[in-house]
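The following note was prepared for a colleague who wishes to read the model alongside its sequence.

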Amino acid sequence: MNVLRQILSGERDPKDVRVLVQGITGRYGRFHTELMVKYGTNIVAGVTPGKGGQEVLGIPVYNTVREAVEEKGIDASIVFVPAPFYYSAVHEALETGLTMVVGITERVPVRDTLKLLHEAKEKNANIIGPNTPGMIVPPAFKMGIMPYQPFKEGEIVVFSRSGTLTYEISNYLSKDGLGVYTAIGIGGDPINGTNFIELMEMVKDNPKVSGIVVIGEIGGEAEERVAKYIIETSYPKAVVSYIAGRSAPKEKRMGHAGAIIYGNYGTVESKEAAFKEAGVPVAKLPSEVPKLMRQKLGR
């Protein structure tokens with residue numbers, strides 16, 4: 001069974017998910033493993049080729065994913081490896097049967113992402129990322145690098161192309177009292193392992209989720225596709241959006257590899273127009289999101 005789908009549909013308690021860290025012995029892997037464990041994530045093993053037999057924070061390290069899976073019964077993996085090794089790390093996880101992989105790594109070649117996307121679809125698996133802050137389900141599950149403080153347990157799902165805006169808007173939702181059921185960064189690259197629509201489909205029937213915030217940005221057509229999906233499926237949840245890059249100049253990349261406007265393609269205006277047609281209000285400021293969400297919910 002697909003682990004990400006189980007979590008987002010509410011079928012599985014994420015605290016029971018047994019997590020593997022690929023690249024656990026590296027500086028970033030070790031640092032974020034400690035923070036994830038402190039938050040409550042059930043990290044049971046790490047993998048670094050050539051470092052098998054060691055321990056990190058009392059967590060056993062294996063040479064291969066297969067060894068870790070056989071010893072510890074892994075459900076999901078988070079990847080902290082340099083971009084040149086990203087493909088082989090995620091490929092190994094998928095080949096071993098893991099259905100949920102979170103790829104933190106930046107600057108992954110698009111060709112590698114495309115190949116892994118094809119492999120994941122063949123195996124009914126999901127890759128979150130690459131170039132993602134990861135995923136958090138308050139109050140005690142975090143597979144990512146986000147700070148925990150902005151996220152209070154609640155009823156709103158946040159799906160985002162931007163890491164820092166995820167934190168900011170989640171903080172507003174938490175302070176407003178709506179709270180966050182889960183927040184997932186789909187990644188800032190032109191190609192994402194798991195897209196907005198796939199994630200929205202997974203939470204569609206979850207009774208604990210009342211609304212969804214889609215945090216988009218300039219570039220690409222992900223938001224336009226979401227708007228079309230909402231119309232075609234008569235999507236049952238309340239949806240609110242925020243689009244970053246309102247004042248960005250055309251044909252200049254802004255931060256993320258996917259955040260670039262060519263001509264009239266990928267503009268804030270085209271995304272706002274699509275959402276308007278779908279009945280999705282678009283906040284002009286991050287602080288407006290909770291108010292718009294309450295209006296959509298009739299509160």
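1. The residues that line the largest cavity are Y86, T113, L116, L117, I127, G129, P130 and G193. It should be kept in mind throughout that the model is predicted. Three of these lining residues come from helix 5 (residues 110–122), which gives the largest share. By class, the lining comprises five nonpolar and three polar residues, with no charged residue.

2. The volume of the largest cavity is about 30 Å³. One cavity of 30 Å³ or more is present in the structure.

3. Seven strands form an open sheet with mixed pairing, in the order 3-4-2-1-5-6-7. Its edges are strand 3 (55–56) and strand 7 (126–128), each of which pairs on one side only. Strand 3 and strand 4 (residues 59–62) run antiparallel and are joined by two bridges. V56 has I59, in strand 4, as its bridge partner.

4. Helix 4 (residues 83–95) packs on this sheet, where it touches strand 1 (19–22), strand 5 (76–79), strand 6 (100–103) and strand 7. The direction of helix 4 makes about 165° with that of strand 6.

5. Helix 4 also packs with helix 5, at an angle of about 5° and with the two axes 10 Å apart. Helix 4 is therefore roughly parallel to helix 5, because angles under 35 degrees count as such. On the helix 4 side the contact involves Y86, Y87, V90, H91 and L94, which meet D112, K115, L116, E119 and A120 of helix 5. Classified by residue type, this contact has six nonpolar, one polar and three charged residues.

6. Which residues lie closest to the centre of the second largest pocket? That pocket holds about 470 Å³ of space. Its lining is made up of 25 residues, and those closest to the centre are F80, I104, T105, E106 and I145.

7. Helix 2 provides the largest share, four residues. By class, the lining of this pocket has 10 nonpolar, 11 polar and four charged residues. The lining of the largest cavity, by contrast, has no charged residues.

Terms used. Residues are numbered from 1 along each chain as its sequence is written. This is a predicted model: local features need pLDDT of at least 70, side-chain atom pairs count only at pLDDT 80 or more; totals for chains, interfaces and linings use all residues. Side-chain values use heavy atoms; hydrogens and water are left out. On a 1 Å grid over the protein atoms alone, a cavity is a set of points where a 1.4 Å probe fits but cannot get out, and a pocket is an open set with protein on both sides within 12 Å along at least five of seven lines; lining residues have an atom within 4 Å of a point. Grid points are joined across faces, edges and corners, and a volume is the space filled by probe spheres set on the points. Ala, Val, Leu, Ile, Met, Phe, Trp, Tyr, Cys and Pro count as nonpolar, Asp, Glu, Lys and Arg as charged, and the others, Gly among them, as polar. Two strands pair if DSSP finds at least two bridges between them. Contact means heavy atoms within 4.5 Å. Axes are lines fitted to C-alpha atoms, for helices over the stretch in contact, and angles run from 0 to 180 degrees between N-to-C directions. Angles under 35 degrees count as roughly parallel, over 145 as roughly antiparallel, 65 to 115 as roughly perpendicular and the rest as oblique.
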